[in-house]
Amino acid sequence: MIIMLAILVGVLYAAGIYMLLRRSIVKILLGLLFLGHAANLLIFTVGKLTKGKPAFVPEGGELVEPFADPLPQALILTAIVIGFGVQAFAIVLFKRAYQTVNSDDIDKLNSTDSLERG
Amino acid sequence: MLIAVLSGIIIAALTPLIFRVMKEKASLLLSLVPVFLFAWYLSYYNRVANGEIIKEVSEWIPAMGINLTFSMDGLSLLFALIITGIGSVVFFYAAAYLKHDKYITRFYVYILFFMASMLGVVTSDNIFGLFVFWELTSLSSYLLIGYYFDKESSRKSALQALLVTGTGGLALLAGLILLYIITGTTEISEMLAVTGISSHELYTGAVILVLIGAFTKSAQFPFHFWLPNAMAAPSPVSAYLHSATMVKAGVFLLARLNPVLGGTEFWQNTLLIFGGTTMVIAAFLALKQTDLKKLLAYSTVSVLGTLTFMIGLGTETALKGMVIYLLAHSLFKASLFLIAGSIDHETGTRNVSQLSGLKSFMPFTAFVAIFAALSKMGFFPFYGFIGKETLYDAVLKSGSNEILLFSAVFIGGAVSGFVAITAGIKPFIGRTIETPKSPHEAPLLMYAGPIVLASAGFIFGLLPESFTGNIVEKTASAIAGTNIEYTIKLWHGFNLVFLLSVVTLVVAYLLYRFRTKFTNISIASGVGDFIKPSMLYDKSLSMMISLARGQTRLLQNGYMRYYIVLIVSTALGLTGYVLFTSVDMSVIDISFDITFSEVVILLVMIAASITAIKAKRRLSAIASLGVVGYGVAIIFIMYGAPDLALTQFSIETLTVILFVLAIYRLPKYLPFSNTTLRFRDFIIAAASGVMMTMIVLLVTSEEMVSQLKSFFAENSLPLAKGKNVVNVILVDFRALDTMGEITVLAIAAIGVYALIKLRMEGRK
């Protein structure tokens, strides 16, 4: 099971970095999303996997092993939400930029001069 | 003593306020600060003169042995008195000199700050305290040289002085750290007791570094060039920082550390050689100057060389001579600079050849100037005379190479006399020449101070022992590190030294009489042309700038993907290197215990990722990415993380909706990159992916026991009254993190809102 997740993390990182290297801003945003997934899965995987049992304290009893480690989960939860904040901001920022420059090309954003020409 | 040092800094901070309240009178009030400090330091005179060393410790960083330790012996007190005494004169002078200047407030802020720092340098006993104050003097000197900041030359000179002394400062810091390593203490007074310093393996390094610091500060060859350029500062600054006090900080440091580092041939000879070279070269360069202040500046460099030279000589007489000459020089050179300022102020020119016959217009100034000049020439019975005689005496008694050493000092002395005649006497005698402004007497404040200084030079000369005997003796003792008993006398009889003294005056007069010829010789000799360390400075500065420019062009070319490639490949290279060289890969456990459902998820997610990358339309790319997100959520469910899965589902949905809303009207992708570029990116991306897979496998093959896991499991219910441990961690155990997270979200929300709002206003 580890090997599967390890491969998946690798694929997602590769996809994220590849997309970040594109000129299209939309693709860069997609790359950002890929990297978000990749990082979350990375933490999840290295934080030790336990199949099935979530960390819930049963009614009237105590939590007994094996159960999933709650700490990486808490971290990832935070990461997902913050990642969403960043993505939402980036998407709206892109929209604004597109309306100004009228292009999806990040190279058009290199200098203020090209902005004026555009 | 801490109070004395800090008072200057505190008052500097209050100065703008004082000016706002008192307007023009503020400068006079502020001028009382150095006067009070002078009186305060003077009150220690008797105790110090009796041989007492007054100490005061304020803890600063005691764990590292860095404290604000102040100590006052003869050397510190002499410098403190020079700083505050000449400070008083300069402050009052500036009140008149800069009366109509727009930025007079700034001037007083800077100069108060400088005075405080300088007092810190001379009274610090802790080497790191000393270093901090040392750097502060460089900083305030920078601000003061650049006082006329609207002139390019001013700014350039200021920067030059800062860079040269700042570089020296760095060397000094390194030297002081070595000294600390050698002696194991940060207090200079404790270093005196340490033996065997000179046989330590770090000794030579420490000496070289400390000397670079001292030589840059005191404008010793080959670092001398910044000082004449520093004449871009207003005259009071030149008089104060660049002749009487700051430039002597280097000499002070040599004197202070002489008992610690001195006594070796290396130390003594280096000082002799550099001091002597500076003395002679600066003298030659002085001969061709026509600008009053530059003339005085080169002469100052020459004198600083003399002082270094005398410490290098190191005999009792040499040290005494050095102290007397230092005091005399501070008095007459500060006066001469102030007078040069007055002449500039009242006639509009500083060109010596245009100045003549001013005595009828500026009688008081002329009187002071001639007094100061006579002391500088070493004329009987001025204090400068005693200084010069003692120097000659020391050189003649040095025991080896007397002729060579004497010639050097003689050249310095003769040119000093020449400068005195040219700068202090020539402008006032002879026939009147027309000047840019019609000359008239300077205001009282501008000659009263110089009168005090010049008369001090006269009175000290007449009664040297009663006025300066004790302090000179104690200072020389502090420099030597042993007790020196000494009585200063004005008159030693008609001996060889006196004869040579007279010859010096004659030569000085001859230099002046035939100055055009000597000027030509100085120019023709090319001393100023082929020995030009300033060229080296200019070259290295421009090289540094072009290096920075090239480096910026190389690393910061403005294309984001270029940065990403750089960052990713650096990470790849470094991590890959470690992975391949020092990590045992055999620990990786590759067991394919995969269930069918897992394989399906894996394949679907990889397929979705490829689709997202290769999609021709944005919408299908986003939809595919949504599939990847849901896949992640399913993985969360499979491995006991229902909370994550829930969050992931909802966030993924939101993201996709937001994305679609933002871009659904955009046209198709345009193909921006060619196949080669895509191939390159693919290689980089694939390599990173492989690296991440390896890292995951490596990390998970380690057995990890999380203590936090059991802590949270046990305490979730009893302490936080929650059964869902993940939720409890978020809202209870790590609630502050969640608080931060909410803040981030709020900021992002404000940003999103602002961007949308901006668009709407743009439409209107």
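**Notes on the salt bridges and the A–B interface**

1. B:Arg350 is partly exposed, with a relative accessibility of 22%. The terms used here are buried for under 20% relative accessible area, exposed for over 50%, and partly exposed in between (1.4 Å probe, protein chains only). B:Arg350 pairs with B:Asp344 in a salt bridge whose closest N and O atoms are 3.5 Å apart. A salt bridge here is a side-chain nitrogen of Lys or Arg within 4 Å of a carboxyl oxygen of Asp or Glu.

2. A word on conventions before going on. This is a predicted model, in which local features need pLDDT of at least 70 and side-chain atom pairs count only at pLDDT 80 or more, while totals for chains, interfaces and linings use all residues. Residues are numbered from 1 along each chain as its sequence is written, chains are lettered from A and ligands numbered from 1 in the order in which they are written, and side-chain values use heavy atoms, with hydrogens and water left out.

3. Over all chains, the structure holds ten salt bridges. One of them joins B:Asp125 and B:Lys55, at 3.2 Å from N to O. B:Asp125 sits in the loop between α5 (104-123) and α6 (127-145) of chain B, and B:Lys55 in strand β1 (residues 54-61) of chain B, so the pair ties together parts that are 70 residues apart in sequence. Helices (H or I, at least four residues) and strands (E, at least two) are DSSP runs, numbered from the N terminus. B:Asp125 is buried, at 4% relative accessibility, whereas B:Lys55 is partly exposed at 41%.

4. Another pair worth a look is B:Asp73 with B:Arg256, a salt bridge with its closest N and O atoms 2.9 Å apart. B:Asp73 belongs to the loop between β2 (66-72) and α4 (74-97) of chain B and B:Arg256 to helix α12 (residues 248-261) of chain B, so this pair links parts that are 183 residues apart in sequence. Both B:Asp73 and B:Arg256 are buried.

5. Now to the interface, where contact means heavy atoms within 4.5 Å. Chain B brings 91 residues to the contact and chain A brings 81 residues. The two chains bury about 8300 Å² between them, 77% of it on carbon and sulfur atoms. Buried area is the accessible area (1.4 Å probe) that two parts lose on being put together, summed over both.

6. How many salt bridges cross between chain B and chain A? The rule finds one, and A:Arg22 and B:Asp681 form a salt bridge at 2.1 Å, N to O. A:Arg22 and B:Asp681 are also linked with B:Arg680 in a network of salt bridges.

7. Between chain B and chain A, seven residue pairs are in polar contact, both at pLDDT 80 or more. A polar contact is a pair of N or O atoms within 3.5 Å; within protein, one must be able to donate a hydrogen and the other to accept it, and residues adjacent in sequence count only if both atoms are side-chain atoms. Helices that each supply at least two residues of the side of chain B touching chain A include α25 (560-582), α29 (675-700) and α32 (735-763). The largest share of that side, 14 residues, comes from α28(B).

8. B:Thr738 is buried, with a relative accessible area of 15%, and its side chain reaches the backbone oxygen of B:Leu730 at 2.4 Å.
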